[in-house]
Amino acid sequence: MSNFEQVKALEAAHVLQTYKRAPVVFVRGEGSRLYDSDGRSYLDFISGIGVVVLGHGNPGLAAVIAKQAQTLIQTSNLYYHPLQGQLAARLAALSGLQRTFFCNSGTEAVEACLKFARRYWFSRGEKRRTQFVALEHGFSGRTFGALSVTANPAYREPFGPLVPGVTFASPANPAALDMAVTNETAAIIVEPIQGEGGVRPLTADFAAAIERACERTGCLLIADEVQCGLGRTGEAFYSPVLGLTPDLISIGKALGSGVPIGAALIAEPVAAQIFPGDHGSTYGGNLLSTRAALYVLEQLTGTSAAVPYQAPGGLIGHVREMSVVFAKALDDLAARHTVVKTARGVGMMRALELTIDATPVIEGALKAGLLVNRTAERVIRMLPPLTVTEREIHEAVELLDGVLVGIKTEVTT
Ligand SMILES: *Cc1c(COP(=O)(O)O)cnc(C)c1O
């Protein structure tokens, strides 16, 4: 049996079968490349689903993790340690939201935001103000709370009843959002760029409608920036680009560049209504994950100090430069292939929408040594490490070009 067959057989026997995995076993990575169990190399334009922002096997991150692991990993939230405050101060400088609650994933960050929104209104004596408005095509995670504000019926249906009081509005219809938000809405939750929904930035009109609805009813705004936040778009956060002023922001994915950590960022008026004992996590903000995140933020912004993000330095500056290259290469590719309906996205969060199911392209790309993934059936999503080079971008687009040429021949023959 090959290494792949062995790994597959053992998983088939003992790992819960919730994932449809691609037929490859990865054992090592370096920068934008992954290596499989046969030593074959792949250009990784998915980076653990937008997680490994510093690239695989990053020596700086490896060194700080190793040193922290030798010093102290976990103490729980029963005691102080020096790193949570430092990381929270840096996140406050980046986001303008004064306080952070630390957890272990994007889903948990969303879960915390939903709880804090309800707690805010409960503390203020408006106990009936419990409803949420979320968006069609939105994705916020798979636990009951996060799933309840996630639109996909296939994810929801087998697990009902979910958290009551959630209404879904279409991001294509600003007027309908206005109707959906009432004086019983605790919060609106949106992804500034819908990731799983097909890499769709909210429109300026829709963002304006969100702001108007919040102003009219006083409801809170939760921005789920788990995928688009922390440098992926060439900005620290994408909400301000759209003119959104969230009261709560959920982050995860990029924050630890692979070390599990998530966080809810909270504006002071909301934070003032949350009290000791209201929420908690055993691991949340432990020394290993906060140490990793401090290093990631330092690399993203190019500074080790907690300062408001202005000048594009560090990796975020690099993303802005590479964004121009990536956008042009994908636009040119789209112009050459009739199966590509459109190229869209921002920074290092990009997609090609096809006129056909994306599955054969994803499979062809894997065979050609390129990792990309499919969302929303016809969409090829690309989330390379933020360290990606101009050469690697051209290499990836050339590989896709070759795959699309092959697809065209298959379709016409
Ligand atoms: C991935 C994602 C989540 C869930 O994050 P996990 O790390 O899987 O818990 C939530 N919201 C958005 C927008 C995401 O992309």
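Before the first stop, here is how residues are sorted by class: Ala, Val, Leu, Ile, Met, Phe, Trp, Tyr, Cys and Pro count as nonpolar, Asp, Glu, Lys and Arg as charged, and the others, Gly among them, as polar. This is a predicted model, where local features need pLDDT of at least 70, side-chain atom pairs count only at pLDDT 80 or more, and totals for chains, interfaces and linings use all residues. Residues are numbered from 1 along each chain as its sequence is written, and side-chain values use heavy atoms, with hydrogens and water left out.

**Stop 1: enclosed spaces**

Rolling a probe the size of a water molecule over the atoms shows where empty space is left. On a 1 Å grid over the protein atoms alone, a cavity is a set of points where a 1.4 Å probe fits but cannot get out, while a pocket is an open set with protein on both sides within 12 Å along at least five of seven lines; lining residues have an atom within 4 Å of a point. Grid points are joined across faces, edges and corners, and a volume is the space filled by probe spheres set on the points.

How many cavities of 30 Å³ or more does the structure hold? There are 2. Select residues of its lining, including Gln 74, His 81, Gln 84, Tyr 283 and Asn 286. By class, this lining has 1 nonpolar, 10 polar and no charged residues.

Next, go to the largest cavity, with about 60 Å³ of space. Among the residues lining it are Ala 134, Phe 139, Val 190 and Asp 224. Its lining has 6 nonpolar, 3 polar and 2 charged residues.

**Stop 2**

Strand E4 (99-103) and helix H4 (83-95) each give two or more residues to the lining; helices (H or I, at least four residues) and strands (E, at least two) are DSSP runs, numbered from the N terminus. E4 gives the most, with 4 residues.

**Stop 3: paired rings**

Rings of Phe, Tyr and Trp (its six-membered ring) pair if their centres lie within 6.5 Å; planes under 30 degrees apart count as stacked, over 60 as edge-to-face and the rest as tilted. The whole structure has 5 aromatic pairs. Select Phe 101 and Phe 116: their ring centres are 5.6 Å apart and their planes are at 80 degrees, so the pair is edge-to-face. Both Phe 101 and Phe 116 are buried (buried means under 20% relative accessible area, exposed over 50%, partly exposed in between, with a 1.4 Å probe and protein chains only).

**Stop 4: the nonpolar core**

A nonpolar core is a set of buried Ala, Val, Leu, Ile, Met, Phe, Trp, Tyr and Cys residues joined through side-chain atoms within 4.5 Å. The largest one has 66 residues; select Phe 45, Ile 251, Leu 255, Leu 352, Ile 380 and Met 382, which touch the most other members. Helix H12 (residues 314-336) supplies the largest share of this core, 10 residues. Finish with a second, separate core of 34 residues, which includes Leu 34, Ile 46, Val 190 and Leu 221.
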